[in-house]
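Student: I am new to this structure and would like to go through it by question and answer. Please show it to me, and then start with the terms.

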Amino acid sequence: MYENAQFKYATEAPTVSSQVAQWFQSVDRDRSGEISWQELQSALVNAEGRNFNEVACRLMIGMFDKDKTGTINANEFQQLYNYINEWLTTFRMYDKDQSGNIEEAELTQAFQQMGYRFTPEFMTFLIQRSDLKDHKKMSIDQFIVTCIQIQRFTEAFRTKDTERAGVITIGFEEYLGIALNCSTV
Ligand SMILES: [Ca+2]
Ligand SMILES: [Ca+2]
């Protein structure tokens with residue numbers, strides 16, 4: 001089931017830099033020397049056979065676009081490549097039944113291992129918003145986005161929650177500021 005949740009163009013172990021260069025060339029379809037989120041999107045497929053969602057691709061491009069051109073050059077790409085591979089490894093580790101998706105029990109365990117203590121209700125909520133139809137699973141791209149967003153919101157929350165009480169009081173505009181900042185891709 002995993003064949004789909006991989007780089008479409010990678011044929012061998014992805015650690016050698018010549019292979020990274022090869023993948024860069026395959027992904028850079030218009031030969032601009034830069035990878036756009038659209039090009040990244042068309043190169044990444046989840047277990048459903050669907051291309052990664054737009055938010056996931058924009059988020060990942062944004063993270064490694066050091067010179068802020070909106071695209072990834074060959075130098076920036078190595079890091080992006082490693083980052084995506086780390087996510088693939090993480091995802092595989094949590095996808096215990098190797099279904100290619102993260103089901104609710106797997107998600108619960110994943111967040112526990114990441115150090116979060118969430119209620120079962122919150123886990124159900126996360127699964128439901130990922131799988132609008134069957135309420136059963138989360139794909140790899142949804143998992144990446146969910147983890148990144150929860151991580152960002154957690155960091156923002158912690159800067160306010162200095163006593164580690166798990167509760168904060170926040171003004172309306174400050175709340176909006178955090179929400180808008182954390183959702184920016
Ligand atoms: Ca390009
Ligand atoms: Ca699974």
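Tutor: A residue is buried if 20 or more other C-beta atoms lie within 10 Å of its own, exposed if 12 or fewer, and partly exposed in between, with C-beta atoms placed from the backbone. This is a predicted model, in which local features need pLDDT of at least 70, side-chain atom pairs count only at pLDDT 80 or more, and totals for chains, interfaces and linings use all residues. Residues are numbered from 1 along each chain as its sequence is written, while chains are lettered from A and ligands numbered from 1 in the order in which they are written.

Student: Is isoleucine 72 buried or exposed?

Tutor: Isoleucine 72 sits in strand S2 (residues 72–73); helices (H or I, at least four residues) and strands (E, at least two) are DSSP runs, numbered from the N terminus. Isoleucine 72 has 29 other C-beta atoms within 10 Å, so isoleucine 72 is buried.

Student: Which residues does isoleucine 72 touch, not counting residues up to four places away in sequence?

Tutor: Two residues are in contact if their C-beta atoms, placed from the backbone, lie within 7 Å. Leaving out residues up to four places away in sequence, isoleucine 72 touches Glu34, Ile35, Ile61, Phe64, Asp65, Phe77 and Leu80.

Student: Is lysine 68 buried or exposed?

Tutor: Lysine 68 lies in the loop between H3 and S2. Its phi is near 55°, a positive value in a residue other than glycine. Lysine 68 has 7 C-beta neighbours inside 10 Å and therefore counts as exposed.

Student: Where is histidine 135?

Tutor: Histidine 135 is not a glycine, yet has a positive phi of about 55°. With 12 C-beta neighbours inside 10 Å, histidine 135 counts as exposed. Its place is in the loop between H6 and strand S4 (137–138).

Student: Which residues touch the most other members of the largest nonpolar core?

Tutor: A nonpolar core is a set of buried Ala, Val, Leu, Ile, Met, Phe, Trp, Tyr and Cys residues joined through C-beta atoms within 7 Å. The largest one has 29 residues, and those touching the most other members are Leu40 and Cys57.

Student: Which helices each supply at least two residues of this core?

Tutor: In soluble globular proteins, nonpolar side chains tend to be buried together. Here, at least two core residues come from each of helix H1 (17–27), helix H2 (37–43), H3, helix H4 (74–94), helix H5 (104–113), helix H6 (120–130) and H7.

Student: At what angle do the axes of H3 and H7 cross?

Tutor: Axes are lines fitted to C-alpha atoms, for helices over the stretch in contact, and angles run from 0 to 180 degrees between N-to-C directions. Val55, Ala56 and Leu59 in H3 meet Asp141, Ile144, Val145 and Ile148 in H7. The axes of helix H3 (residues 54–64) and helix H7 (residues 140–160) come within 9 Å, and they cross at roughly 55°.

Student: How is H1 oriented to H4?

Tutor: Angles under 35 degrees count as roughly parallel, over 145 as roughly antiparallel, 65 to 115 as roughly perpendicular and the rest as oblique. The axes of H1 and H4 come within 10 Å and cross at roughly 110°. This makes H1 roughly perpendicular to H4.

Student: How are H5 and H6 oriented to each other?

Tutor: Glu104, Leu107 and Thr108 in H5 meet Met123, Thr124, Leu126 and Ile127 in H6. H5 and H6 pack at an angle of about 120°, with their axes 10 Å apart. H5 and H6 are therefore oblique to each other.
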